[in-house]
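Hello,

Here is the structure we talked about. My notes on it follow below.

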Amino acid sequence: MTDQQRPAWAVRLQAEREARGWGPFEAARRLREAININEHPGDKVKSLAAQITRHEKGHTFPVAWARAYAIVYGIPREELFGTENASVIPGASVDIQAPPLLWEDNMERRVLLQLAALGISANAFGVTGEPVRQLLALAFNTEPRDLDGWHLTLSDHQHALLTRPPAQVRDGLMVDLVAVQRQLQNAVPGEGTELNRIAAALSMLFAAALSRLGDHWAIHWWRTAKTVADATGDLDLRLMIRCDEAQFGLYGQRDPATVIHLTDAAERLPGMTPAYWKANLAGTRATALTLQGRHNEAEEALHVLTDFPGGRTEPGLLPTLWSARRVHFSASWVHAGAGREEKADEEREWMLANAGGGYQYPVNVRLHEALCTVVNGGIDRGAQQATEILAALPSAQKSHMITETAKHVLGAVPVEQRDRPAVRELHALTAGV
């Protein structure tokens, strides 16, 4: 973009900085000092230096930093930025004759097209308007999010997947996928790789949310997440996504044989596979073998998971993704599917005592109990248990992963017994979901 194409204020900002012999990092340091910001100076100065470059290219208007620019350059804000920008400069004295538009037409079209590409329409926003609020924040957020902020965003979405209705999680992720895409388009050198890692993790979480909703488009998002992660060369990230893809496939998204294929393919990735991901894959393989009725092989695979001492040597993008709950949850499912009641009870009790505030683990391990009851011949009692569990759930919490687990309870009923009233009731409750 030439000086003739850039806004006058952007050309002026660059000229004032260069006239003082400052680089972007020095200017960033002085801007922070001007408004007395001192915490985490190294990371924040680097992030602000990237923003300064965007300001000077005219990509974003420095709403939040206008006052600081005026202080460090010793120039009144109206003179530095022009009176035509006064309506978006905090503290400017020029009268506003009419309220500014929330979105420029081209920005609104671009965001709506990006939403359509994610498969989300304006009708999906719900009565709270929360996704609309987030999109407005995105439209006004002329400063890119720093990397620390993105890491916190990932953790927030991960926690939400365990504790909130999946439709809400999907809508929040949708907004952040648009935001990271826009930031990637103008990433400064050294920032692009980390933003790609974040984009891969967001895509993985989006696929997980769609999987919880039973949306088959999740498979395409798993593919996207893997592709983006592969481009970063980060083996831990590539394995993390493949482990979750295989695990979510257990809930009707893939047949058990395909899930086993996915675990085998993940283990063949070039490089040294960390022990915690090998253990994770073994747990998923054990569950897939259970669904195939191969209980001895499943128990053998489960030992790889249960014998793992636990913990990750490196925190990764989602440091809390690996949890002992994964171990006990898989063990609960495998033992219940084989009818090993005592072991299944032990694992379920551990899970119920250590659920961590989420609703999905407790519901599903209680469904494991119903599964074990049916496997051991208590068809009516097990079907009634599953029916009561589902009936007590708020509709927003009936995720696809929960209803698919209930269908596994149905699948354990011998064909000749499926006309029993308790079984028919459970079938009616899970039909069409």
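**Helix pairs and cysteines**

Helices α18 and α19 cross in a left-handed sense (the near helix is turned anticlockwise from the far one by less than a right angle). This is a predicted model, in which local features need pLDDT of at least 70 and side-chain atom pairs 80 or more, while totals for chains, interfaces and linings use all residues. Residues are numbered from 1 along each chain as its sequence is written, and side-chain values use heavy atoms, without hydrogens or water.

Helix α18 covers residues 360–375 and helix α19 residues 379–391. Their axes come within 7 Å and cross at roughly 165°. Axes are lines fitted to C-alpha atoms, for helices over the stretch in contact, and angles run from 0 to 180 degrees between N-to-C directions. The two are therefore roughly antiparallel (angles over 145 degrees). On the α18 side, the contact includes V363, R366 and L367. Among the α19 residues that meet α18 are I379, R381 and I389. Contact means heavy atoms within 4.5 Å.

Now the other pair. Helix α9 (residues 166–185) packs against helix α10 (residues 192–212) at about 160°. Their axes lie 9 Å apart. α9 and α10 are also roughly antiparallel. Their crossing is left-handed.

Last, the cysteines. The disulfide count is zero, with a disulfide being a pair of cysteine sulfur atoms within 2.5 Å. C243 is buried at 0% relative accessible area. C372 is buried too, at 5%. Buried means under 20% relative accessible area (1.4 Å probe, protein chains only).

Best wishes

Conventions. Helices (H or I, at least four residues) and strands (E, at least two) are DSSP runs, numbered from the N terminus. Angles under 35 degrees count as roughly parallel, over 145 as roughly antiparallel, 65 to 115 as roughly perpendicular and the rest as oblique. Buried means under 20% relative accessible area, exposed over 50%, partly exposed in between (1.4 Å probe, protein chains only).
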